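Here is a short briefing to read with the structure beside you.

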Amino acid sequence: SVLPVLSVALCPDYAQNTTESLAVCASGEDGRLVLHRRSLWASQTVLHDGEGFITRILWRTSLIAWANDKGVKMYNVATGQKVTFIPRPPPDQASGGALSHCGMAWAADDQLVMGWGNVVKVAAVVRRDGGGFVAEVRHQFQCLETLCGLASMGPGQFGVLETDSARRKVTLRFYSCAGDVFHVAEVPMSGGAYPSRLHLCSAAPHLPMYLAGPREFLVFQVRDLLEYAVQLLEEGSFDEAIRDRKS
């Protein structure tokens with residue numbers, strides 16, 4: 001397609017530089033989701049078409065998940081089969097849900113987190129009795145504010161970037177799959193906090209989270225309590241480290 005590309009996902013094993021791993025999944029304004037393979041006989045396979053713009057693509061193990069205005073679909077590259085369709089919540093169930101794009105993150109190889117407006121869904125990928133996979137929504141809850149982005153923190157935990165209704169304040173909250181908040185951090189932003197202009201991502205648990213905005217690029221280092229205590233000791237904050245240890 002000669003139209004602009006909207007979303008791209010590399011094969012997770014792309015760096016291995018093998019025939020099977022040299023693959024890219026991409027979609028543009030033509031609404032086609034195409035799997036490109038680089039080999040002696042380069043191939044292009046259309047995985048999906050005809051449902052409008054695809055705004056997000058994620059690829060983990062053999063599973064490719066993508067989002068459009070209808071919801072989220074999933075495809076198994078290893079078997080060549082579509083796995084599931086998860087509809088987006090109706091507008092009356094999600095503030096901003098009719099206008100907002102979908103946020104997605106793999107929390108584990110078999111766990112996908114999705115969000116629209118202020119609604120978050122957590123789906124588990126399970127094996128069918130007759131073979132193949134299917135995804136089931138195991139948890140659904142509402143965020144406190146409008147969702148801007150999602151990032152994985154490992155199985156059962158993820159970060160949600162949120163903005164208030166006035167688009168002036170941005171907050172990073174850590175949630176469990178059940179919707180419980182266990183950490184909150186204010187995000188310093190100099191520009192407007194419009195959800196479509198903010199992006200949150202992470203490579204792996206205990207690696208930094210990255211936030212990209214129109215004027216900022218911020219890095220958040222996620223630490224557990226032990227790592228935080230070591231940081232305080234290294235900075236010479238002995239009293240604070242002791243208080244945290246006792247609390």
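Val113 counts as buried, at 1% relative accessibility, where buried means under 20% relative accessible area, exposed over 50% and partly exposed in between (1.4 Å probe, protein chains only). This is a predicted model, in which local features need pLDDT of at least 70, side-chain atom pairs count only at pLDDT 80 or more, and totals for chains, interfaces and linings use all residues. Residues are numbered from 1 along each chain as its sequence is written, and side-chain values use heavy atoms, with hydrogens and water left out.

**Around Val113**

- You will find Val113 in strand β10 (residues 111–116); helices (H or I, at least four residues) and strands (E, at least two) are DSSP runs, numbered from the N terminus.
- His139 lies 26 residues from Val113 along the chain, and the C-alpha atoms of the two are separated by 9.4 Å.

- Strands of a sheet pair through backbone hydrogen bonds, either parallel or antiparallel.
- Strand β2 (residues 23–28) pairs with strand β3 (residues 33–37) in the antiparallel sense, over five bridges; two strands pair if DSSP finds at least two bridges between them.
- Within this pairing, Ala26 stands opposite Val34 in β3.
- The hairpin of β2 and β3 has four residues between the strands, and there Gly31 takes a positive phi near 80°.
- β3 also pairs with strand β4 (residues 43–48), again in the antiparallel sense and over five bridges.
- Val34 has Val46 as its bridge partner in β4.

**The sheet of β17, β18 and β19**

- Here three strands form an open sheet in the order β17-β18-β19, with antiparallel pairing.
- Its edge strands are β17 (199–202) and β19 (217–220), each of which pairs on one side only.
- From one strand to the next, the twist averages 20°; axes are lines fitted to C-alpha atoms, for helices over the stretch in contact, and angles run from 0 to 180 degrees between N-to-C directions.
- Four bridges join β17 to strand β18 (residues 209–212), and the bridge partner of Leu200 in β18 is Leu211.
- β18 and β19 pair in the antiparallel sense over four bridges, and they form a hairpin with four residues between them.
- Ala212 stands opposite Phe217 in β19.

**Cysteines**

- How many disulfides does the structure hold? The count is zero, a disulfide being a pair of cysteine sulfur atoms within 2.5 Å.
- Cys148 is in no disulfide, and the nearest cysteine sulfur, that of Cys143, is 9.9 Å away.
- Cys148 is buried, with a relative accessible area of 11%.
- Cys25 is buried too, with a relative accessible area of 0%.

- Leu144, Val181 and Val184 make a nonpolar surface patch of about 270 Å².
- Accessible areas come from the Shrake-Rupley method with a 1.4 Å probe, and for residues only the protein chains shown count as cover.
- Leu144 is found in the loop between β12 (133–142) and β13 (146–152).
- Is Leu144 buried or exposed? Leu144 is exposed, because its relative accessible area is 61%.

Technical notes: Patch = residues over 30% accessible without salt bridge, like charges linked within 9 Å, V, L, I, M, F, W, Y side chains within 5 Å. Salt bridge = Lys/Arg side-chain N within 4 Å of Asp/Glu carboxyl O.
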